[in-house]
Amino acid sequence: MRNTIIICAALLAAACSTGNAPVLIPEENFSETIDGKQVELCTIRGGELTLQATNYGCRVVSLWAPDRNGKLEDVVLGYDCLEKYVHNSGERFLGPTVGPVANRIANGKFSVDGIEYTLPQNNNGQTLHGGLKGVDLLVWDIVDRTDSSLTMSLCREKGLDGFPGDIHVEVSYTLTSDNRFVISYRADSDEACPLNFSNHSIFNLKGEGNGTILDHELTIFADATTPVDSVLIPTGEIAPVEGTPFDFREAHTIGERIDADDEQLRNGNGYDHNWVLRRESEDGVELAAILYEPASGREMRVYTDQKGLQFYAGNFFDGLSSGKYGRTFDFREALALEAQNFPDAVNHENFPESIYRPGEEYHQTCIYEFNVR
């Protein structure tokens, strides 16, 4: 198996430079049983997009999109085999669904109806993206698939990593004829529980491993952020972006102000913050951000019905991990735009409600739309 994987990786590296067609990862690279459940790699297509996803973590593995000349590149970071996701000392959150609570929970604690729940903490004393056994490390059930869509579901048992309730979640990935990658979420719990799922795909519109994202141009339709402390926990403030390096209401290159003398940038080692989106409706799907890469002409528009958007500029990539084509994940060479509720909302009364009770359903829609200029 090891020799097969090495050969596949070499073929991928050689073929990906052609740009004429997506280079698919062999399905056998993900064919394994974990915790008694079969892991699979699935391929869907829509418009000019091709996406591969695995039910290990409901995870996007590759996403091929054309540039202005029709050349295809894989614009998300990932690995070429299941083993690298399961036995991984490097980057954990490449492409998965994260939850039950995406982002951070301060001190690994929250209270619901007077009951305090304690969760596993990382080395910063917080719970990140669902804990030690978030939904990204579980095998989901594939409940439906077509040529252009894939639906996966999961029951996360009560008490896993300290969360209350049996949590049922279903996520659908759909590629449309007009080059939209649509992610739809539905979840519920049989006990009162915070729910806040997100997709953690890491993008470089030049293609995985093809250089810096500091020259990408970004617009975020938000008038404020939620400032953080030194370990990236929100302080509870809502801070206007006016006059700060966080003002992306008009397009700026990501690198233009990322190293400015600013306490919030020092806290995040760059951008790793939640933007308070400017909403025209309570729960409609609205344009939240536009990302543009001038050399290729690729543009990605992010639409969401959520109130927050976490922008992470790849500040913690260190070059020690490599991806599907043998290229390393280097400092600020990829980014995430994660639609979600505010981080640590469960511990801030002034943040949007995150507790869902029996009989209430959590819903979310996020769309990544690909265009060229």
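What volume does the largest cavity have? The answer is about 50 Å³.

1. Basis. This is a predicted model, in which local features need pLDDT of at least 70 and side-chain atom pairs count only at pLDDT 80 or more, while totals for chains, interfaces and linings use all residues. Residues are numbered from 1 along each chain as its sequence is written, and side-chain values use heavy atoms, with hydrogens and water left out.

2. Cavities. Searching the whole structure gives three cavities of 30 Å³ or more. A cavity here is a set of points, on a 1 Å grid over the protein atoms alone, where a 1.4 Å probe fits but cannot get out; lining residues have an atom within 4 Å of a point. Grid points are joined across faces, edges and corners, and a volume is the space filled by probe spheres set on the points.

3. Largest cavity. Its lining includes Val 101, Ile 105, Phe 342, Asp 344 and Ser 354, along with Pro 194, Leu 195 and Asn 196. By class there are seven nonpolar, two polar and one charged residues in this lining. (Ala, Val, Leu, Ile, Met, Phe, Trp, Tyr, Cys and Pro count as nonpolar, Asp, Glu, Lys and Arg as charged, and the others, Gly among them, as polar.)

4. Second largest cavity. This one holds about 40 Å³ of space. Among its lining residues are Asn 103, Arg 104, Asp 272, Gln 310 and Pro 343. The lining divides into four nonpolar, four polar and two charged residues.

5. Salt bridges. The structure has 25 of them, a salt bridge being a side-chain nitrogen of Lys or Arg within 4 Å of a carboxyl oxygen of Asp or Glu. One network of salt bridges links Asp 223, Glu 242, Asp 247, Arg 249 and Arg 278.

6. Arg 186 and Glu 361. These side chains form a salt bridge with an N to O distance of 3.0 Å. The pair links distant parts of the chain, 175 residues apart: Arg 186 is in strand E15 (residues 180-189), and Glu 361 is in the loop between strand E27 (355-356) and strand E28 (362-372). Strands (E, at least two residues) and helices (H or I, at least four) are DSSP runs, numbered from the N terminus. Arg 186 is partly exposed, at 24% relative accessible area, and Glu 361 is partly exposed at 41%. (Buried means under 20% relative accessible area, exposed over 50%, partly exposed in between, with a 1.4 Å probe and protein chains only.)

7. Asp 259 and Arg 332. The closest N and O atoms of this salt bridge are 3.0 Å apart. Asp 259 is exposed, with a relative accessible area of 61%, whereas Arg 332 is buried at 5%.

8. Arg 373 and Glu 299. Here the N to O distance of the salt bridge is 2.8 Å. Arg 373 lies in the segment after E28 and Glu 299 in strand E24 (residues 298-304), so the pair ties together parts 74 residues apart in sequence. Arg 373 is partly exposed, at 46%, and Glu 299 is buried, at 5%.

9. Sheet. Five strands make an open antiparallel sheet in the order E20-E19-E22-E25-E26. Strand E20 (239-240) and E26 are at the edges with a single partner strand each, so one side of each has no neighbour in the sheet. Two strands pair if DSSP finds at least two bridges between them. Strand E19 (residues 222-225) and strand E22 (residues 272-277) have three bridges, in the antiparallel sense, and Ala 222 stands opposite Leu 277 in E22.

How values were computed: 1 Å grid on protein atoms, 1.4 Å probe; cavity = no way out; pocket = protein on both sides within 12 Å on 5 of 7 lines; lining within 4 Å.
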